[in-house]
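My entries follow the order in which I checked things.

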Amino acid sequence: MRLGIIGLPNSGKTTLFNALTGGNYETSAVGGKSFHVNTAVVNVPDPRLDVLEKMYTAKKKVFATITYSDIGGLDKGIGEGGLGGQFRNELAQVDGFVHVVRAFRSDTVPHPYETINPQRDLELLDGEFLLMDLIAVEKRLEKVQNELRIKGKRAGTALEDELPLLERIKAHLEQDKPLRDLEIAPEQKRQLGGFGFLSLKPVLIILNQGDDVRPEDTTVHYSYRHAQHIGLRAALEAELAQLAPEDAALFMEEYGVTELSAARVIALSYELVGIHSFLTAGEKEVRAWTIPQGATAYEAAGAIHGDIQQGFIRAEIIPYGVLIAEGSEKAVKAVGKMRLESKDYVVQNGDIIVFRHSS
Ligand SMILES: Nc1nc2c(ncn2[C@@H]2O[C@H](COP(=O)(O)OP(=O)(O)OP(=O)(O)O)[C@@H](O)[C@H]2O)c(=O)[nH]1
Ligand SMILES: [Mg+2]
């Protein structure tokens, strides 16, 4: 899964990218308009693995991962066709967005629209995405209508089914609402996958705050489904990400920072794109595995190895909370709380699983 970090020039995208990935990419006060992408894979922090590592005296700890791409070069006017093909592809291919909105004040970093106004900036770029989606849906609609007119019944039921969906999408966008807020059945959503509608993708809005946080810097109004917002100080967190853990702790104490938001942003964005983790634990390693929310035990087995899936017999499951409550795997088994599940069991976040399989 990959999330695209987007935002207006000088909003702090690259700074946030560095904070999330521990990277050291160059940030600048110039506000680049040219298209560029930085990509990095990061571990998804999971305190459960730290606990399991100790409990099982495991030799290795393997985190789930997620990818971030810092996509520079977005600004007002892109919806009107100012966006090149490569750029458009990059946006269409990510699974969700992290939208950085500037809330920090600075005399040395110019704002492209001069004043600090998070709500305006959020709506500005969001509006461009809506416009791009509207243009895309109108194009597709025209094509489908033409084909239906020319071929009639021979065009097939798939196109006939698509037509009302496209019309519904168009009407929704014309009300200035993102597609992520439109009720669309899962199979229809899959059908739309190839069009890469931007406003259909989940979004995590980051209010990038400076050192003097004012109340108006902490909230924006964006009450749509599959969207959340959170405030953080990207510059401070990027600096901390460069330090050794013990130095970072000292620094945090000095600046009165009790908790870093980067870890929370990673965890939130992981959930937002519809995935979660099941766990495996043993002496060799403790590990988090990524699966789609709602995936079955059979699908989870496949995430580890095709052979395990093929030979699936049953899944032995201990929910993480049960393990902690009972204190050990042995204790869980003694009270009969280990569960035996078949292929179609829907795996829950934090299930610790052993797959029994024929080889
Ligand atoms: N004072 C202050 N400066 C910040 C903060 N966040 C970022 N900056 C500065 O703002 C400038 C722009 O930050 P970048 O991270 O390069 O912004 P960007 O969105 O990647 O910019 P472009 O890629 O050029 O569009 C840099 O000089 C940063 O050091 C902040 O919270 N406070
Ligand atoms: Mg940048």
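Before reading any list of residues, I noted that a cavity here is a set of grid points where a 1.4 Å probe fits but cannot get out, and that lining residues have an atom within 4 Å of a point. I also kept in mind that this is a predicted model.

**Entry: the search.** How many cavities of 30 Å³ or more does a search of the whole structure find? I found two listed at that cut-off.

**Entry: the largest cavity.** I looked up its volume, which is about 50 Å³, and then its lining, which consists of L8, P9, N10, S11, H99, V100, V101, R102, H111, P112 and D121. I next asked which element gives the most to this lining, and the reply was strand β5, residues 96–102, with four residues. Sorted by class, I counted five nonpolar, four polar and two charged residues around the largest cavity.

**Entry: the second largest cavity.** For this one I noted a volume of about 40 Å³, and a lining made up of I6, F97, H99, L125, D126, F129, R180 and V203. I saw that β5 and α4, the latter spanning 118–151, each supply at least two residues of this lining, while α4 gives the most, with three. By class, I recorded five nonpolar residues, one polar and two charged for the second largest cavity.

**Entry: a cross-check.** I went back over both lists and noted that H99 lines the largest cavity and that H99 also lines the second largest cavity.

How values were computed
Residues are numbered from 1 along each chain as its sequence is written. Chains are lettered from A and ligands numbered from 1 in the order in which they are written. This is a predicted model: local features need pLDDT of at least 70, side-chain atom pairs count only at pLDDT 80 or more; totals for chains, interfaces and linings use all residues. Side-chain values use heavy atoms; hydrogens and water are left out. On a 1 Å grid over the protein atoms alone, a cavity is a set of points where a 1.4 Å probe fits but cannot get out, and a pocket is an open set with protein on both sides within 12 Å along at least five of seven lines; lining residues have an atom within 4 Å of a point. Grid points are joined across faces, edges and corners, and a volume is the space filled by probe spheres set on the points. Ala, Val, Leu, Ile, Met, Phe, Trp, Tyr, Cys and Pro count as nonpolar, Asp, Glu, Lys and Arg as charged, and the others, Gly among them, as polar.
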